[in-house]
Amino acid sequence: MNSHSHKRVLASVVALAVWLMLPTLVMAEGYTHALHEVKSFDAVYDVSTADPVMANIVFWAVKNSYEVPEVGSIGARRIAVVFHGFAVKLLSTDKSLFKTEDLAEVAKFQETLKQMKQSGVTLEVCQYAVKVVGVKEATILPEVDRVGNGFVPVIGYQNQGYAVVRLP
């Protein structure tokens with residue numbers, strides 16, 4: 001192999017390495033402005049979606065939002081999730097509430113919630129919604145705290161400085 005061929009191979013390897021690293025570099029640089037001088041990462045996610053497929057897609061992003069290294073390096077973080085409306089179905093162990101084809105997605109979602117609880121996330125469900133939607137309280141996951149009215153914690157967390165993220 002001549003010198004010219006070595007240079008082409010080296011240039012190709014370098015180009016490939018840069019191309020492979022580009023998404024990581026872009027992601028790492030993406031939070032510079034948003035997290036500038038942020039001392040804590042406090043968020044309450046206000047959830048009303050009852051679609052288990054959509055919930056799994058969205059909750060990947062929710063978990064990612066507080067697990068990314070840039071947020072971890074901030075230090076303090078407080079995360080709460082409040083469920084109301086038909087979203088309360090996703091918290092139930094009653095399989096009859098779901099289509100058979102959705103059961104795997106529901107199980108995946110509930111496992112995500114268990115992981116979130118283990119990592120310190122506060123999970124709360126609106127008891128009013130549980131009653132109105134017709135979910136039996138005894139079937140609600142034990143990881144989820146009960147509150148009378150789901151709007152109260154959303155407002156309370158907001159007044160404590162949490163950012164409110166609405167997930168319809």
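Reader: Where does Val144 lie?
Author: Some ground rules come with this predicted model: local features need pLDDT of at least 70, side-chain atom pairs count only at pLDDT 80 or more, and totals for chains, interfaces and linings use all residues. Helices (H or I, at least four residues) and strands (E, at least two) are DSSP runs, numbered from the N terminus. In those terms, Val144 lies in the loop between helix H5 (127–133) and strand E4 (145–147).

Reader: Is Val144 buried or exposed?
Author: Buried means under 20% relative accessible area, exposed means over 50%, and partly exposed falls in between (1.4 Å probe, protein chains only). The relative accessible area of Val144 is 1%, so this residue is buried.

Reader: How many residues of E3 are buried?
Author: Strand E3 covers residues 122–126. This strand is largely enclosed by the rest of the structure, because the buried ones among its five residues number four.

Reader: Which residue of E4 is the bridge partner of Glu124?
Author: Strands count as paired if DSSP finds at least two bridges between them. E3 and E4 are joined by three bridges and pair in the parallel sense. The partner of Glu124 in E4 is Asp145.

Reader: Through which helix does the chain cross from E3 to E4?
Author: This is a β-α-β crossover, and it is right-handed. Right-handed means that, with the strands pointing away from the viewer, the path from the first strand over the helix to the second runs clockwise. The helix on the way from E3 to E4 is H5.

Reader: Which helix makes a β-α-β unit with E2 and E3?
Author: E2 and E3 run parallel and are joined by four bridges. Within that pairing, Ala80 has Thr122 as its partner, and Val81 has Leu123. The β-α-β unit is right-handed, and its helix, residues 103–118, is H4.

Reader: What is the bridge partner of Val47 in E2?
Author: Strands E1 (residues 40–47) and E2 (residues 76–83) run parallel, with eight bridges between them. The partner of Val47 is Phe83.

Reader: How many aromatic pairs are there, and which ring is stacked with Phe59?
Author: Rings of Phe, Tyr and Trp (its six-membered ring) pair if their centres lie within 6.5 Å; planes under 30 degrees apart are stacked, over 60 edge-to-face, and the rest tilted. By that rule there are four aromatic pairs. In one of them the centres are 6.1 Å apart and the planes at 10°, so Phe59 is stacked with Phe83. Phe59 is in helix H2 (residues 52–67) and its partner in strand E2, so parts 24 residues apart in sequence are tied together by Phe59 and Phe83.

Reader: Which residues do ring pairs link into a cluster with Phe83?
Author: Phe83 has 0% relative accessibility and therefore counts as buried. Its ring centre is 6.3 Å from that of Phe109 and the planes are at 90°, so Phe83 and Phe109 form an edge-to-face pair. Phe109 lies in helix H4 and Phe83 in strand E2, so this pair ties together parts 26 residues apart in sequence. The residues linked with Phe83 are Phe59 and Phe109.

Reader: Which side chain does a polar contact join to that of Lys63?
Author: Lys63 sits in helix H2, and its relative accessibility is 15%, so it counts as buried. A polar contact is a pair of N or O atoms within 3.5 Å; within protein, one must be able to donate a hydrogen and the other to accept it, and residues adjacent in sequence count only if both atoms are side-chain atoms. Here the distance is 3.2 Å, and the partner of Lys63 is Gln115.

Reader: What is the phi of Glu37?
Author: Most residues other than glycine have a negative phi, and most peptide bonds are trans. Glu37 is found in the loop between helix H1 (3–29) and E1, and it is exposed because its relative accessible area is 62%. Although not a glycine, Glu37 has a positive phi of about 60°.

Key
Residues are numbered from 1 along each chain as its sequence is written. Side-chain values use heavy atoms; hydrogens and water are left out.
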